[in-house]
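Please look over the structure below.

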Amino acid sequence: MRILVSGASIAGPVLAYWLTRHGFDVTVVERAPTLRKTGGHAVDLFRPAMEISEKMGVLPRIEALATGTDRMTVHREGRPRATEVDLTKLVGVASDRHVEIMRDDLSGIYYDATRDDVDYLFGDSITAIEHDGEVTFERSPTRRFDVIVGADGLHSNVRRLTFGAEDSLTRFLGGYLAVVSAPKSLATPNEMVGHVGVGRLAAIYTAEHLDDARMVFMFRSKSELDYDYRDSLRQKQLLRDAYADMHPRVDRWLEEIDGTPAFYFDAISQLSMNIWSRRRVTLVGDAGYCPGPAVGGSTSLAVLGAYVLAGELARADGDHLRAFAAYELQMREPVHLSRAFARAAARTVIPGSRAGVWALTRGLQLVSLMPGSLSRSLARLNTKGVRMYDSMPVPDYSEV
């Protein structure tokens, strides 16, 4: 059975790994000319993704490249005193097994685990998909596949070709996210420094093995902003406007955005699709069920979804329609839970009032001061809240 996967970031290589282990012939097409190795932000792997990565034999590499950020200093806008936060306790509330790693590092690890067994087509993209599985590429010759999988992110090309325009499938969560590469000298390894005010927050961090620092900006907006996704100059101006006069340190950070080698800007949006498959095509990860960048644990959800899709295709012995139905059934509850969590997180992480700013910083401080065993015990009582990802089951496909 020949399977085409579009996207070589996270879900694509994980899916390709498990598909090849189950005996499928896999091709991965990626629009970028090479594996993306600059920019990006830190992502969280929770228990299910950690277990799957361990099964893949790549967990030691992931743990070796963890960011190591274990403390955070939070400055409230207009207040002289900062709040010190023990991030190890904060993470312990959410997960018993967790690692934070840069997205591009994680992508490289998963790619390395598959490159000897998978045919990768870099610098190419899909332009048409026919009902019989015939795929037209921008550069490569037309080929026919039994299954086509979109693992190409929130703005998925495969989803657009199969389900139509993106606008009707997404839900704006009221905010924007920007990630900017900056000189490493602006940050300190193992520490995140953040500034939070009404409707906006900014933070900077780095890691020992990085050559740069990463600045993260998240801000509220009552409505979607008017800009072209290719117009980085307009996006940078929107960012400056949103953070005007927040703090001299933030002003210094903003000076870096014109010369940055890597700049990302996008709406914090959630995909609202309830089905992810049509004929020979299905979607995985952010392409099918992105709960919202930076607020919904989308990386762990993508790793779990890729593992489940490969397992169900193997279990169905190549009957893709039966496999797609089983895949969607397995993933329905995790996706719905992550969407609900992301909607709440978007409101909490970017406070909309002074009271919200106080509650956020005070809550971080209380968790940091609380004994770790007590905070973890209380959190385990809520499997649909902060412990949601740890409570997601990882099916066993060892029999197929």
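Helices H4 and H12 are roughly perpendicular to each other, a label used for angles of 65 to 115 degrees. This is a predicted model, in which local features need pLDDT of at least 70 and side-chain atom pairs count only at pLDDT 80 or more, while totals for chains, interfaces and linings use all residues. Residues are numbered from 1 along each chain as its sequence is written, and side-chain values use heavy atoms, without hydrogens and water.

**Helices H4 and H12**
- H4 (residues 87-94) packs against H12 at an angle of about 90°, and the axes are 8 Å apart.
- Lys-89, Leu-90 and Val-93 of H4 meet Leu-364, Val-367, Ser-368 and Leu-369 of H12; contact means heavy atoms within 4.5 Å.
- By class, this contact of H4 with H12 has five nonpolar, one polar and one charged residues.

**Thr-361**
- Thr-361 sits in helix H12 (residues 354-369).
- Thr-361 has a relative accessible area of 3% and is therefore buried (under 20%, with a 1.4 Å probe and protein chains only).
- A polar atom of the Thr-361 side chain lies 3.1 Å from the backbone oxygen of Trp-358.
- Apart from neighbours within four places in sequence, Thr-361 is in contact with Val-74, Arg-76, Thr-83 and Val-196.

**Nonpolar cores**
- A nonpolar core is a set of buried Ala, Val, Leu, Ile, Met, Phe, Trp, Tyr and Cys residues joined through side-chain atoms within 4.5 Å.
- The largest has 83 residues, and Ile-62, Tyr-110 and Val-284 have the most contacts inside it.
- Helix H10 (residues 298-315) gives the most to this core, with eleven residues.
- A second, separate core of 23 residues includes Ala-42, Val-85, Met-218 and Leu-364.

Notes. Buried means under 20% relative accessible area, exposed over 50%, partly exposed in between (1.4 Å probe, protein chains only). Helices (H or I, at least four residues) and strands (E, at least two) are DSSP runs, numbered from the N terminus. A polar contact is a pair of N or O atoms within 3.5 Å; within protein, one must be able to donate a hydrogen and the other to accept it, and residues adjacent in sequence count only if both atoms are side-chain atoms. Axes are lines fitted to C-alpha atoms, for helices over the stretch in contact, and angles run from 0 to 180 degrees between N-to-C directions. Angles under 35 degrees count as roughly parallel, over 145 as roughly antiparallel, 65 to 115 as roughly perpendicular and the rest as oblique. Ala, Val, Leu, Ile, Met, Phe, Trp, Tyr, Cys and Pro count as nonpolar, Asp, Glu, Lys and Arg as charged, and the others, Gly among them, as polar.
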